[in-house]
Amino acid sequence: MRIVLAILSMVIFGVLGVFPTSFADTLIKDARIIDGTGKPAFLGSVRISGERIVSIGDLIPTSDDTIFDAKGLTLTPGFIDTHSHHDWGLSENRDALAVITQGITTSIFGQDGFHHFPLQASIDAFRERPVSMNIASYIGHNTLRDTVMGEGAQREATRDEISAMKTVLRAEMAAGAIGLSTGLEYEPGMYSTSGEVIELAQVTASLGGRYISHIRSEDRFFWSAINEIINIGRQTGMPVQISHIKLASKEIWGQTDKLLNILNNARAEGVNITADIYPYEYWQSTLWVLLPERDADDLDEIQNVLDNITPSDGIIFMVYGPDPSYVGKTLADISVLRGLSDAQTFSELLKESDAWQEEHQSQGQSIMGKSMLPHDIGELMKWEHTNICTDGGFEGHPRGYGAFPRFLSYFVKGMSLMSLEEAIRHATSLAAHNMGLKDRGEIKVDAYADLILFDEDTIKDNASLENRSAISDGLKMVWVNGQLALNQGQATHHYSGKVIK
Ligand SMILES: [Zn+2]
């Protein structure tokens with residue numbers, strides 16, 4: 001087949017004197033190969049032809065090969081980010097260096113219940129102007145609610161509205177989505193009943209989809225939120241994934257055994273439940289997410305939040321519309337500036353930013369909140385069904401730039417959490433399995449050649465609270481569908497990413 005292609009391409013391109021490099025094979029030789037399955041590393045070479053891996057082992061170079069001498073660097077499958085917000089701003093940032101330099105070759109969008117509607121239009125736009133990495137998307141429940149219920153969706157949906165949502169969901173799934181995502185801690189999904197979610201989930205299951213959820217609570221009502229997602233898995237029989245699993249309040253800190261027991265019991269019962277996680281103690285969201293009753297005047301409840309969920313010096317403003325000088329400051333800093341208690345300041349900032357948001361039709365506030373313990377994060381990461389994600393974007397939390405290298409350097413190496421082989425499994429084949437992606441996440445013959453080559457001694461995140469968009473160290477080469485996206489740490493401007501279903 002290759003010979004036929006070569007002759008054909010000589011006929012087509014010979015006249016012009018242009019010979020497309022994509023017809024030559026790529027040989028990555030003498031790499032330390034970690035194949036993504038958890039198997040021990042081995043020395044060897046990998047040959048890529050077109051988009052796929054064609055052979056692995058002790059390979060002899062041919063004159064057709066473009067050769068990359070890996071010199072013992074580590075070659076693994078590209079990382080799969082199962083919870084990404086890099087869709088925002090991607091069309092103006094096709095190199096996506098923040099993503100590619102983490103080793104990510106596939107990003108999954110449509111998270112927390114929000115997707116680009118209609119999906120077909122965003123897929124068409126992507127195919128017209130592809131980017132460095134592959135993408136796939138869920139259909140967002142919040143977006144369905146917004147589409148069908150419009151303004152005033154802060155209530156339960158009627159029968160008619162649920163059936164209208166099902167119609168939109170079917171059409172969106174047909175455009176090529178992998179499943180349904182919910183964000184039940186956010187408007188307007190938080191106003192839905194479990195029954196509504198189950199009905200939509202059943203439609204998704206009947207179409208061969210899966211379910212992923214930012215669950216209804218990550219703190220006060222955590223255990224019932226966990227029960228809700230298990231029940232959705234039980235009722236529908238489809239795979240369900242907990243987004244960015246965490247224990248995010250004092251009350252539940254340290255209860256990883258209890259949580260993993262519940263999840264393992266559900267699995268033993270036949271519920272296909274999995275999770276993803278990002279390697280940071282800080283989350284990013286809004287102040288509102290801390291107040292399920294959405295009452296900015298309830299100072300007792302706000303004080304309860306500061307005492308039990310995230311302290312005032314652990315709340316850092318990322319966006320503050322009414323006064324951008326607050327960005328980077330903590331709630332504790334701002335309380336001092338205003339001469340008010342932390343709870344009063346919290347309440348004032350909420351109301352001011354809401355009014356500003358209403359007037360400017362632009363996000364009024366966003367915060368990072370420190371609510372998790374490194375030990376809990378490590379224990380949850382080790383669960384054999386937890387894959388790694390960023391939950392990050394091109395702006396905001398450093399996780400958008402550093403999550404995967406931080407997982408490897410801080411957690412895997414720094415905390416001796418697991419072997420590198422097992423860590424790579426959590427970032428590749430497990431993620432592919434949890435998302436239902438075929439022929440990705442493993443170095444094997446006939447798999448897509450999504451590959452990364454890095455230095456395991458130097459791979460490290462640099463993005464921090466002070467410098468949130470610092471690029472990570474250690475990634476040398478990245479191939480996406482057989483094409484180089486990153487060469488010696490530099491973007492190649494080859495946009496070989498695909499839409500995956
Ligand atoms: Zn989320």
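Modeller: Happy to; we will go through the sheets, then a pair of helices, then the domains. Keep in mind that this is a predicted model.

Let us begin with the sheet of 6 strands. Follow it across and you meet the strands in the order β9-β10-β11-β12-β13-β17. The sheet is open, and its pairing is parallel. Which strands stand at the edges? They are β9, residues 139-140, and β17, residues 386-388. Each of these has a single partner strand, so one side of each is left without a neighbour in the sheet.

Now zoom in on the β17 end. The partner here is β13, which covers residues 273-277, and the two strands pair in the parallel sense over 3 bridges.

Between β14 and β16, the latter made of residues 365-370, the antiparallel pairing runs over 4 bridges. A pair to look for is W283, which stands opposite G369 in β16.

Next, the helices. Helix α13 spans residues 399-414 and helix α14 spans residues 420-427; their axes come within 11 Å and cross at roughly 150°. Angles over 145 degrees count as roughly antiparallel, and therefore α13 and α14 are described that way. Their crossing is right-handed. On the α13 side the contact is made by F404, F407, L408 and V412, while α14 brings L420, A423 and A427. By class, this contact has 7 nonpolar residues, with no polar and no charged ones.

Finally, let us step back to the domains. The assignment gives domain 1 as 79-281 + 372-491 and domain 2 as 284-370. Taken over C-alpha atoms, the centres of domain 1 and domain 2 are separated by 26 Å. How many residues does each domain give to the contact? Domain 1 gives 12 residues and domain 2 gives 10. On the side of domain 1 that touches domain 2, the residues divide into 2 nonpolar, 4 polar and 6 charged.

Note on methods:
Residues are numbered from 1 along each chain as its sequence is written. This is a predicted model: local features need pLDDT of at least 70, side-chain atom pairs count only at pLDDT 80 or more; totals for chains, interfaces and linings use all residues. Two strands pair if DSSP finds at least two bridges between them. Axes are lines fitted to C-alpha atoms, for helices over the stretch in contact, and angles run from 0 to 180 degrees between N-to-C directions. Angles under 35 degrees count as roughly parallel, over 145 as roughly antiparallel, 65 to 115 as roughly perpendicular and the rest as oblique. A crossing is left-handed if the near helix is turned anticlockwise from the far one by less than a right angle, and right-handed if clockwise. Two residues are in contact if their C-beta atoms, placed from the backbone, lie within 7 Å. Ala, Val, Leu, Ile, Met, Phe, Trp, Tyr, Cys and Pro count as nonpolar, Asp, Glu, Lys and Arg as charged, and the others, Gly among them, as polar. Domain bounds come from an automatic or database domain assignment.
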